[in-house]
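Hi everyone, thanks for coming. I'd like to walk you through a structure I've been looking at, so please have a look at the screen.

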Amino acid sequence: MNDNTQQLRKEYSQMPLLESEALASPFEQFELWFNQVLKSEIEEPYAMVLSTINNLTPSSRVVLLREFSKEGFGFFTNYNSAKGIQIVVNNHVALNFFWPGIERQIRVQGIAIKQTEEKSDAYFKTRSEISRVGDWTSLQSKELKNRAELEELFMLNTKYKLEPPLTRPDYWGGYIVKPTYFEFWQGRPNHMHDRLTYTLEENNLEWKIKRLAP
Ligand SMILES: Cc1cc2nc3c(=O)[nH]c(=O)nc-3n(C[C@H](O)[C@H](O)[C@H](O)COP(=O)(O)O)c2cc1C
């Protein structure tokens, strides 16, 4: 670990997460921590682990957070991918952000809902040409015979590369994860970490804060 990381760790382990200071809204608490991680030197702050359920077996992978608001956490993917198919069967998912160096973890549980066509279209248009070509020829999660098959596919894309499409393929787009549960974990000295959870009350409006043993 370099000195800089140690310094960051020290700085954040001195920033407790106490009930008296935690924001009443977990969305605002997330925004506060997210703005802080963006200012730190942590790499890939947008990377989040998305867990889905494949029958009875959990399945996790990293995706990038592309949107955050009171609506939820947005990411984009291939709807025909393994995760897309799993979400059709069971849309209960979990997200995990881990920001090493500042000793913070945020866990979220929620429901994944397809993003509106308009929003997926608008985001698709902002993607780089190479990403749009990739999206149009994506076989995400399908078995390939070998690496050569992937390279052939890339070569076949020349027609797209000459004129990268601006219209979104219908199998590609966004999801919004609407949270029902949050947990904020702050590393503290002597393993006495802070863990505050936010659970949605039965009225679906208010959030109840609880502390868990680390
Ligand atoms: C840093 C990083 C960012 C990624 N971002 C995305 C993303 O935003 N969307 C996506 O579909 N896959 C993304 N991936 C690839 C996924 O982790 C995964 O391999 C892919 O979506 C296929 O997952 P599935 O077969 O479970 O559907 C990313 C991988 C890494 C390591």
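This is a predicted model: local features need pLDDT of at least 70, side-chain atom pairs count only at pLDDT 80 or more; totals for chains, interfaces and linings use all residues.

Let's begin with the ligand. There are 15 residues around it, and the closest are Thr77, Ser81, Ala82, Lys83 and Ser141. Which of the elements gives the most to the shell? That is E2, with five residues. If you sort the shell by class, you get seven nonpolar, five polar and three charged residues.

Now for the core. The largest nonpolar core has 24 residues, and those touching the most other members are Leu95, Ile106 and Val177. Among the elements giving two or more residues to this core are helix H2 (26-39), strand E1 (47-54), E4 and strand E7 (172-186). E7 gives the most, with six residues. Let's stay with Val177 for a moment. Neighbours within four places in sequence aside, Val177 is in contact with Gly72, Phe73, Val93, Leu95, Val108, Gly110 and Ala112.

Next, a helix. Which residues of helix H5 (residues 129-136) are buried? They are Arg132, Val133 and Asp135. These three sit on the same side of H5, because they cover an arc of only 160 degrees around the axis.

On to the strands. E7 and E8 run antiparallel and are joined by six bridges, with Phe184 standing opposite Leu196 in E8. E8 is also joined to strand E9 (residues 207-211) by five bridges, and this pair runs antiparallel. Here Thr199 stands opposite Lys208 in E9. The hairpin of E8 and E9 has six residues between the strands, and in it Asn204 takes a positive phi near 65 degrees.

Glu44, in the loop between H2 and E1, has a positive phi of about 50 degrees although it is not a glycine. His191, in the loop between E7 and E8, is not a glycine either, and its phi is positive, near 60 degrees. Are these residues buried or exposed? Glu44 is exposed, with 9 other C-beta atoms within 10 Å. His191 is exposed too, with 7 other C-beta atoms within 10 Å.

That's my tour, and I'm happy to go back to any part of it.

How values were computed: Residues are numbered from 1 along each chain as its sequence is written. A residue is near a molecule or strand if its C-beta atom, placed from the backbone, lies within 6 Å of it. Helices (H or I, at least four residues) and strands (E, at least two) are DSSP runs, numbered from the N terminus. Ala, Val, Leu, Ile, Met, Phe, Trp, Tyr, Cys and Pro count as nonpolar, Asp, Glu, Lys and Arg as charged, and the others, Gly among them, as polar. A residue is buried if 20 or more other C-beta atoms lie within 10 Å of its own, exposed if 12 or fewer, and partly exposed in between; C-beta atoms are placed from the backbone. The arc is that of the directions from the helix axis to the C-beta atoms. A nonpolar core is a set of buried Ala, Val, Leu, Ile, Met, Phe, Trp, Tyr and Cys residues joined through C-beta atoms within 7 Å. Two residues are in contact if their C-beta atoms, placed from the backbone, lie within 7 Å. Two strands pair if DSSP finds at least two bridges between them.
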